[in-house]
Amino acid sequence: MPRFILTLLFSSSLLNAVEVPLALREYVLPDTAKLQDEQGRDNGVRFVDLNGDGHEDIVLSNSRQYGVFLFVPKERAKKGLQWNEGWSQVMREGKTGDANSLPLIVHADGSDTGTSFHDGAMWKGAKQLLPFAELLKVPGPGPKSPQDSLKALHVKPGFEAMLVAAEPLVQDPVFIDWDAKGRMWVVEMGDYPFAPGEKTKDGSMGQSKVSELQMGRIKILEDTNDDGVYDKSTLFLDGLKHPTGLALWKNGVFIANIPDIFYAEDTDGDGKCDKRETWFTGFTAGNPQHLVNGFCWGLDGWFYGANGDSGGDITCVKTGKKMALGTNDFRFDPRTGEFALEGGRSQYGKWRDDFGNWFGNNNSTIGWHYWLPFRYLERHAEVVVKSIRSDMNDEKLLYPASPPLRRFNQASAVNTLTSGCSPMPFRDSSFGTDGAQVMFICEPANNLVHREVLNYNGGTITSKRHPHDVESEFIASEDNWFRPSMARTGPDGALYVVDMYRLVLEHPEWIPAEIARGLDLRGGEDRGRIYRISKTGTPTGTPKGWTTILNPTEAMESANGWMRDTAQRLLIERHETSAVAELKLLLGAAPAVRVQTAFTLMQLGAMTADEVFALIKPLTPQVRAAALTATGTQSDAVFSEFEKVLLKQAPQKAASVAVMPVITNQNSNRQKVVAKYVADAVNLKGDAKRGASVFQKVCMVCHKVRELGVEVGPDLTTVATKPRGQLIEAIFDPNRAVEQRNAATQVTKKDQTLLVGQLASETPGNITLRLPGGAEMVVLRSDIRELKTLTTSIMPEGLESVLSAQDVEDVLTFIGSK
């Protein structure tokens with residue numbers, strides 16, 4: 001890059017130390033990277049081309065502060081769209097003396113330390129201090145040892161945390177379950193974020209094989225000395241691609257492993273898989289955060305799984321049947337291989353309570369209650385409904401204990417729900433409050449586990465923040481690497497928390513490429529932890545009554561949901577009709593026991609569907625249409641009085657809260673449009689009040705910010721802290737990266753009417769399209785000639801015809817305001 005000397009601005013002594021690039025004529029230095037300190041002395045700023053792109057970057061280091069700022073030229077701003085032109089890409093920045101400090105360039109008095117930059121490194125004399133490759137990395141907080149990370153956990157008074165498994169026994173755990181022998185089965189997603197050869201959709205990032213750990217695995221953990229800590233690990237199966245979950249069945253397990261669900265078994269008792277067969281195939285591959293996952297045992301003896309947002313065209317190998325998954329979740333019968341659709345779609349985890357009610361969520365939602373059974377709609381295709389699920393709680397406010405990180409993607413979006421997953425009701429009496437049912441939701445981006453109290457008194461099940469968690473969380477870690485993916489009820493009545501333990505959680509699909517290249521995307525691949533959370537003073541070791549699982553009939557009486565599920569599964573696997581007489585004695589037991597016993601007897605042929613229906617129907621409001629329909633009864637009296645009101649509500653076309661802006665012209669070169677707006681925004685100052693007006697005029701037709709607008713596209717409060725360039729790109733080039741759940745759906749009706757909107761839900765009898773403005777249009781399947789998912793977003797291109805650069809800056813300021 002050409003250089004020149006600003007002789008009017010700097011003293012001759014400073015000029016001897018610093019060569020100033022030509023770019024200073026056009027671009028402003030970062031606030032901390034001034035050439036002189038307050039006394040007019042050398043501030044320790046040096047201009048160095050760190051990444052070999054022909055542009056001088058900035059390295060700063062003095063006794064007060066340090067930083068590395070990459071220069072973003074016009075051409076890269078066009079391509080990357082994450083940063084403004086100039087020295088806007090901050091690779092590291094902080095106070096001297098912290099963990100990521102750089103060697104000093106100048107002393108406290110401004111005198112030079114003798115540091116130089118050449119031959120691809122930072123030097124002091126003949127000693128190399130740091131290679132440029134290190135300066136180009138985005139540093140994050142360092143990992144903690146298992147014991148130090150345990151100390152960093154904040155749990156509620158009256159509870160205690162115990163580390164029951166850690167590396168090297170487990171690495172990258174995302175899912176756990178136990179078998180009837182007391183062994184813990186662990187799913188490890190060691191190939192996150194990229195399996196060898198995978199790339200992002202736009203091809204900007206990817207990885208070949210870079211590690212021997214870069215694969216999915218299934219391990220079996222054992223506690224050989226009965227102290228509550230697992231001390232033996234057996235590798236059951238490796239070489240998997242993004243495994244997400246498993247389910248125990250007979251002598252093996254079902255495993256979700258894209259694009260399949262397969263059954264794997266150990267036939268010779270050595271703990272290693274030697275038999276494998278695919279049962280279902282065709283699940284869509286892609287971002288591992290959005291893949292098929294599961295499984296949860298249902299009262300009806302089927303396994304239930306979540307769509308993951310990716311769908312697929314499923315082939316059932318056992319039966320030969322084929323079906324489109326679409327926006328639905330699913331279930332399958334492990335005895336026959338039958339596959340059926342369930343109302344959906346849940347992103348990661350679909351779970352039930354003791355009474356057969358099903359719950360799911362996505363990353364920006366606390367939870368959904370699936371109140372209307374899919375099976376009922378299959379029998380009554382004439383019933384037209386907009387949605388078979390309901391929001392349980394609109395709250396998105398969280399209270400993390402970890403220090404906020406300013407980078408990656410939305411890394412400063414603290415206190416906001418952005419990665420909700422695994423909404424699991426706690427199925428034991430030990431964690432309730434005055435008999436209340438609670439649910440746990442993992443939030444790995446904010447390093448915490450959130451707790452909700454369930455409310456059954458209404459047409460749908462709702463929830464609210466636990467009263468003991470006001471302005472706090474049930475579990476929150478000070479460790480930024482704490483990444484809980486599951487918090488489930490254990491056989492001993494404790495809560496087991498699965499911690500993947502990674503530095504980078506967000507997938508590179510949604511991280512600016514220039515940042516992603518400086519990240520250790522696999523940081524933590526060799527680590528992983530599993531915690532046991534229990535009431536203080538609870539004994540560890542073999543769970544009370546564990547041996548009763550050898551007598552499933554006795555275990556069915558347990559207050560612990562895992563115990564009953566396992567007992568029921570064993571009885572069904574063995575078709576143990578000899579247990580019928582003993583089981584019938586439990587039909588007068590506690591409600592949760594009574595319900596599960598009745599379903600077990602029905603599966604063993606000892607009760608009819610109508611008998612089970614009659615037995616459990618009085619147990620409302622806990623028992624609802626989901627469980628009653630699962631009995632298989634043909635009776636239509638499956639709904640509570642609350643649910644009947646909901647069912648009778650005919651779908652009405654919602655009134656739009658705003659009208660779509662009129663686009664009068666459109667530039668086909670979307671990248672050029674984005675680059676212009678990014679450049680124009682550099683010197684603009686936003687005004688939140690003006691931005692609120694712009695939002696109401698243009699944006700609220702499809703988006704929500706706090707109480708304003710409708711949620712057709714993403715809730716903008718959850719993306720407010722993304723880099724400005726990324727948000728501008730999303731506004732003016734909405735089709736560059738489209739998640740499956742935000743893709744547009746085109747419906748051609750038999751009368752040739754063409755409709756385009758977001759597929760909000762689908763049932764056997766109808767689909768619901770959500771249109772801009774929040775209107776929801778119900779379309780009968782009998783009226784549809786063709787249904788097609790497009791590769792484009794519902795958000796229109798061409799908003800430059802209605803938005804000025806100042807409008808954009810104002811609305812982004814409004815979105816980010818409190």
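E525 and R522 are both buried in this predicted model. Their side chains form a salt bridge, with the closest N and O atoms 2.5 Å apart.

Start with D565 and R427, which are joined by a salt bridge whose closest N and O atoms lie 2.6 Å apart. Because D565 sits in helix α8 (residues 561-574) while R427 sits in the loop between β28 (421-425) and β29 (438-443), the pair ties together parts that are 138 residues apart in sequence. Like the pair we began with, D565 and R427 are both buried. If you select their surroundings in your viewer, you will also meet a network of salt bridges that links R352, D354, R427, R564 and D565.

Now turn to K644 and E641, whose side chains meet in a salt bridge at 3.2 Å, N to O. Why are these two separated by about one helical turn? They are 3 residues apart in helix α13 (residues 641-648), which accounts for that spacing. Are the two partners buried or exposed? K644 is partly exposed, because its relative accessible area is 32%. E641 has a relative accessible area of 59%, so E641 counts as exposed.

From side chains we can move on to the strands. An open sheet is built from 6 strands with antiparallel pairing, in the order β14-β15-β16-β17-β20-β21. At its edges lie β14 (243-249) and β21 (322-324), each of which pairs on one side only. On average, neighbouring strands of this sheet are turned by 25° against each other, direction ignored. Within the sheet, look at β15 (residues 252-257) and β16 (residues 260-265), which pair in the antiparallel sense over 6 bridges.

Our last stop is another antiparallel pair, in which 7 bridges join β3 (residues 65-72) to β4. Here V72 has G86 of β4 as its bridge partner. How many residues of β4 (residues 86-95) are buried? The count is 7 of 10, so the strand is mostly covered, with buried meaning under 20% relative accessible area.

Notes:
Residues numbered from 1 in each chain as written. Predicted model: local features only at pLDDT ≥ 70, side-chain atom pairs only at ≥ 80, totals over all residues. Heavy atoms only, no water. Buried < 20%, exposed > 50% of the residue type's maximum accessible area, 1.4 Å probe, protein only. Helix = DSSP H or I, 4+ residues; strand = E, 2+ residues; numbered from the N terminus. Pairing = 2+ DSSP bridges. Salt bridge = Lys/Arg side-chain N within 4 Å of Asp/Glu carboxyl O. Axes fitted to C-alpha atoms, helices over the stretch in contact; angles between N-to-C directions.
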